[in-house]
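Keep the structure open as you go, and follow the headings from one topic to the next.

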Number of protein chains: 2
Amino acid sequence: MQKRRSHPGTGRDVVARHGCPLGTLCTDLGNREDDLGPEAAKLMSLVLDWAEDQFRQLNTDDPRACAVHLLTGVQGGALLANAFRDPDLLTRHVRHLEEWIDSLS
Amino acid sequence: MQKRRSHPGTGRDVVARHGCPLGTLCTDLGNREDDLGPEAAKLMSLVLDWAEDQFRQLNTDDPRACAVHLLTGVQGGALLANAFRDPDLLTRHVRHLEEWIDSLS
């Protein structure tokens, strides 16, 4: 797997100001009684499946669990960075996730 | 397949159905231009400060970073569990967080 390095520049500022577009969409639609919540979840599944495939290529023991760990980390980091309007929180958090990925190989 | 017993009202089921109340509040208010976002963030800060104090009592190297790691994990887990309406995702994720805390002491 070619490791994708994120170097948050303006991206981190946008997330700190508005949150993750996909995460906020899932949160906005997740409480509805109609079918829009599951539709938003399909988009999240695409990202999760992609991440699982990357971890599979790294020969990790449980690529699905690793993908969930990564995505929960990204979504939680985006949520807190947005709550505190703190891009640096996101930068530090992404660095920890990168170190975790490095520790797997 | 044995039908899964439903335990309505238990924490994980409520979170999977509606998300974390505090996280969704911060997301809902985080995009506004008024002062309600920072007010919601104050509630998140209370949880973060409490967690930091717990990690300090565990004599961890960086109790603030540990608190952020825990809270991002909890919030990200709640978001994904809600997106996928999957209480088991939350259970597994919380177990990993507990194992991480155990590894610190």
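This is a predicted model: local features need pLDDT of at least 70, side-chain atom pairs count only at pLDDT 80 or more; totals for chains, interfaces and linings use all residues.

Is Thr72(B) buried or exposed? Its relative accessibility is 0%, and because buried means under 20%, Thr72(B) counts as buried.

Which residues does Thr72(B) touch, leaving aside those up to four places away in sequence? They are Thr72(A), Gly76(A), Gly77(A), Leu80(A) and His93(A).

## Where the two chains meet

Let us step back to the contact between the chains. Chain B gives 31 residues to the contact, and chain A gives 31 residues. The size of an interface is often given as the accessible area lost when the parts come together. For chain B and chain A, the buried area is about 2700 Å², with carbon and sulfur atoms giving 63% of that area.

How many salt bridges cross the interface of chain B and chain A? The rule finds two. A salt bridge joins the side chains of Arg17(B) and Glu33(A), with an N to O distance of 2.9 Å.

## The second largest pocket

From chain A, the lining includes Phe84(A), Asp86(A), Leu89(A), Arg92(A), His93(A) and His96(A). From chain B, the lining includes Leu48(B), Asp62(B), Arg64(B), Ala65(B), Val68(B) and His69(B). His93(A) is also one of the residues touched by Thr72(B).

Two helices each supply at least two residues of this lining: helix H5 (87-104) of chain A and helix H4 (63-83) of chain B. Sorted by class, the lining has five nonpolar, three polar and four charged residues.

## Arg64(B) and its two partners

Side chains of opposite charge can pair when their charged atoms come close. Arg64(B) pairs with Asp49(B), and their closest N and O atoms are 2.8 Å apart. Arg64(B) belongs to helix H4 of chain B and Asp49(B) to helix H3 (residues 36-57) of chain B, so this pair ties together parts that are 15 residues apart in sequence. Arg64(B) is partly exposed at 31% relative accessibility, and Asp49(B) is partly exposed at 38%.

Glu52(B) also meets Arg64(B) in a salt bridge, at 2.7 Å from N to O. Here Glu52(B) lies in helix H3 of chain B and Arg64(B) in helix H4 of chain B, so the pair ties together parts that are 12 residues apart in sequence. Glu52(B) has a relative accessibility of 15% and counts as buried.

## Salt bridges elsewhere

Now for the wider picture. Over all chains, a search of the whole structure finds 16 salt bridges. In chain A, a network of salt bridges links Asp49(A), Glu52(A), Arg56(A) and Arg64(A).

Chain A also holds a salt bridge between Arg32(A) and Asp34(A), whose closest N and O atoms are 2.6 Å apart. Arg32(A) is partly exposed, with 38% relative accessibility. Asp34(A) is partly exposed as well, at 31%.

Notes: Residues are numbered from 1 along each chain as its sequence is written. Chains are lettered from A and ligands numbered from 1 in the order in which they are written. Side-chain values use heavy atoms; hydrogens and water are left out. On a 1 Å grid over the protein atoms alone, a cavity is a set of points where a 1.4 Å probe fits but cannot get out, and a pocket is an open set with protein on both sides within 12 Å along at least five of seven lines; lining residues have an atom within 4 Å of a point. Helices (H or I, at least four residues) and strands (E, at least two) are DSSP runs, numbered from the N terminus. Ala, Val, Leu, Ile, Met, Phe, Trp, Tyr, Cys and Pro count as nonpolar, Asp, Glu, Lys and Arg as charged, and the others, Gly among them, as polar. Buried means under 20% relative accessible area, exposed over 50%, partly exposed in between (1.4 Å probe, protein chains only). Contact means heavy atoms within 4.5 Å. Buried area is the accessible area (1.4 Å probe) that two parts lose on being put together, summed over both. A salt bridge is a side-chain nitrogen of Lys or Arg within 4 Å of a carboxyl oxygen of Asp or Glu.
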